[in-house]
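Thanks, everyone. Please have the viewer open.

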Amino acid sequence: MSEEPNKATIIVFSGDMDKVFAAFIIATGCAAAGMDTTLFFTFWGLNAIKTGEPIKAKGFLGKMMGIMNRGGINRLNPSQFSFGGIGRILFSKMMRDKKVASLEELRQTAIDLDVHLLACKMSMDVLEITKEDLIPEVENVAGVATFVKEAANSKIQLFI
Amino acid sequence: MSEEPNKATIIVFSGDMDKVFAAFIIATGCAAAGMDTTLFFTFWGLNAIKTGEPIKAKGFLGKMMGIMNRGGINRLNPSQFSFGGIGRILFSKMMRDKKVASLEELRQTAIDLDVHLLACKMSMDVLEITKEDLIPEVENVAGVATFVKEAANSKIQLFI
Amino acid sequence: MSEEPNKATIIVFSGDMDKVFAAFIIATGCAAAGMDTTLFFTFWGLNAIKTGEPIKAKGFLGKMMGIMNRGGINRLNPSQFSFGGIGRILFSKMMRDKKVASLEELRQTAIDLDVHLLACKMSMDVLEITKEDLIPEVENVAGVATFVKEAANSKIQLFI
């Protein structure tokens, strides 16, 4: 057995519904196994921790991002079979049918299991997302140095 | 040197031809280096371990998945230059020209090198894939707890 | 604390502007934290270390790749909001506005911090890319065995 701390650090770069789903499943799995678990949200992954309230970005791409990603975690589209939003509805239905938790429920479970939610400062700057656009459970806005320190001391590191 | 077991655990989330190819190359590389190697197939990655026989799903998305992903590992499309199936044919040709193994040969090599093939139970439920739809070399249908246990005790963990 | 060497090994499989950006940010973050860091470029990721000069591939897909990926690191498109090249220009502008380094500057910073740039031999063969098509700072053309050895002795391994 390794002497590494019992930690897991996962970068959530993707904002695809299915990948965000995988990230929360793995994170809650790690936390349930007793690991100190951190999700580090960057780029499109930030959509998974937005409130869903309209974004007040001033720049053009910031506004566009706000429009195309409005609605927060319940509006994420899958990476396959998107079909202009129909894929999302179908997947949600299939998950409900199979008694699988919704993304929002999964996120709440992660929070209840003390999974740390961090947001990447640089991506927030580039995409014009502020702390107020994120759910209050986000523990911290952090840079790459924080990620590196966490990841180097983790048994599991993944980029999703 | 770490005291960690000499293991590698790779999640295959993607069903893109090129990413599945990378997953099998890395897995056989790990196994050839003497590592106890596990591939954990989830979501679209399950297409890489299906028999290719028609799927008997009953739900709508399950049926759609079955139709759009018929044919198993030889029908996977690359993530770039897909061109409605032409990309796959071109890539396969280029690989043959360069004497690179096909995906199916690579998968067999992985099996011959005792790489463990696991399938994610929850994804199978959601996508309406049963054990009978998978190749018999799949060792086990497992949940996230199994993945976490394997990954936490591995020197290499990747999400592909 | 683990007895593992203080190393980080990152596979750059994607050629998407935003993912390559993430790879270089993480690599420079690792190097700045004193880690011996390796970027292993494979498949589309090779576009991030090409000179940008026209590729002299002879095969059809090799030529097509050369045309569709001409211009090297400054011509990469983001994975979202590509809009036939407009996304790239918008992102570059937003990054400049926020005083974030360009991809080319980031790559140079990584080189200055002694991040090792390795290129995957098998992908180069399949995609008909030669050593002459790559920037001179690429340290080595290597196979999967090299990657496995590096990754198994690293504190951080990621697949991007």
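Start at Phe24(B). Setting aside residues up to four places away in sequence, Phe24(B) touches Leu39(B), Phe41(B), Ala48(B), Ile73(B), Leu103(B), Leu106(B), Arg107(B) and Ala110(B). Keep in mind that this is a predicted model.

Now zoom out. How many residues does the largest nonpolar core have? It has 168. Phe24(B) is among the residues with the most contacts inside that core, along with Phe24(A), Leu39(B) and Phe24(C).

Stay in chain B for a moment. Find helix 6, residues 144-152. Phe147(B), Val148(B), Glu150(B), Ala151(B) and Ala152(B) are buried there. What do these buried residues pack against? Within chain B, the partners are strand 1 (7-12), strand 2 (36-41) and strand 5 (156-159). From chain A, helix 1 and strand 5 join in. That takes us to the interface.

First, chain A with chain B. Chain A puts 29 residues into the contact, and chain B puts in 31. Interface size is often quoted as the accessible area lost when the parts come together. Here the buried area is about 2,600 Å². Carbon and sulfur atoms give 79% of that area.

Which elements of chain A supply at least two residues each to the side touching chain B? Helix 1 (17-32), helix 3 (86-97) and strand 5 (156-159). Helix 1 of chain A gives the most, with eight residues. By class, this side of chain A has 19 nonpolar residues, five polar and five charged.

Next, chain C with chain A. In this contact, 29 residues of chain C meet 30 residues of chain A. The two chains bury about 2,600 Å² between them. Of that, 79% lies on carbon and sulfur atoms. Salt bridges across the interface of chain C and chain A come to zero. Polar contacts between chain C and chain A come to three residue pairs, again with both residues at pLDDT 80 or more.

Look at the side of chain C that touches chain A. Helix 1 (17-32), helix 3 (86-97) and strand 5 (156-159) of chain C each give two or more residues. Helix 1 of chain C has the largest share, eight residues. The residues on this side of chain C divide into 19 nonpolar, five polar and five charged.

Last topic: backbone angles. Most residues other than glycine have a negative phi. Now go to Glu128(A). Its phi is near 55°, a positive value in a residue other than glycine. Where is Glu128(A) found? In the loop between helix 5 (121-127) and strand 4 (140-142) of chain A. Is Glu128(A) buried or exposed? Its relative accessible area is 16%, so Glu128(A) is buried, since the cut-off is under 20%.

Then turn to Glu128(C). This residue is not a glycine, yet its phi is positive, about 60°. Glu128(C) sits in the loop between helix 5 (121-127) and strand 4 (140-142) of chain C. With 16% relative accessibility, Glu128(C) counts as buried.

Key. Residues numbered from 1 in each chain as written. Chains lettered and ligands numbered in written order. Predicted model: local features only at pLDDT ≥ 70, side-chain atom pairs only at ≥ 80, totals over all residues. Heavy atoms only, no water. Contact = heavy atoms within 4.5 Å. Buried area = accessible area lost by both parts, 1.4 Å probe. Helix = DSSP H or I, 4+ residues; strand = E, 2+ residues; numbered from the N terminus. Nonpolar A, V, L, I, M, F, W, Y, C, P; charged D, E, K, R; others polar. Core = buried A, V, L, I, M, F, W, Y, C linked by side-chain atoms within 4.5 Å. Buried < 20%, exposed > 50% of the residue type's maximum accessible area, 1.4 Å probe, protein only. Salt bridge = Lys/Arg side-chain N within 4 Å of Asp/Glu carboxyl O. Polar contact = N/O pair within 3.5 Å; in protein donor to acceptor, adjacent residues only side chain to side chain.
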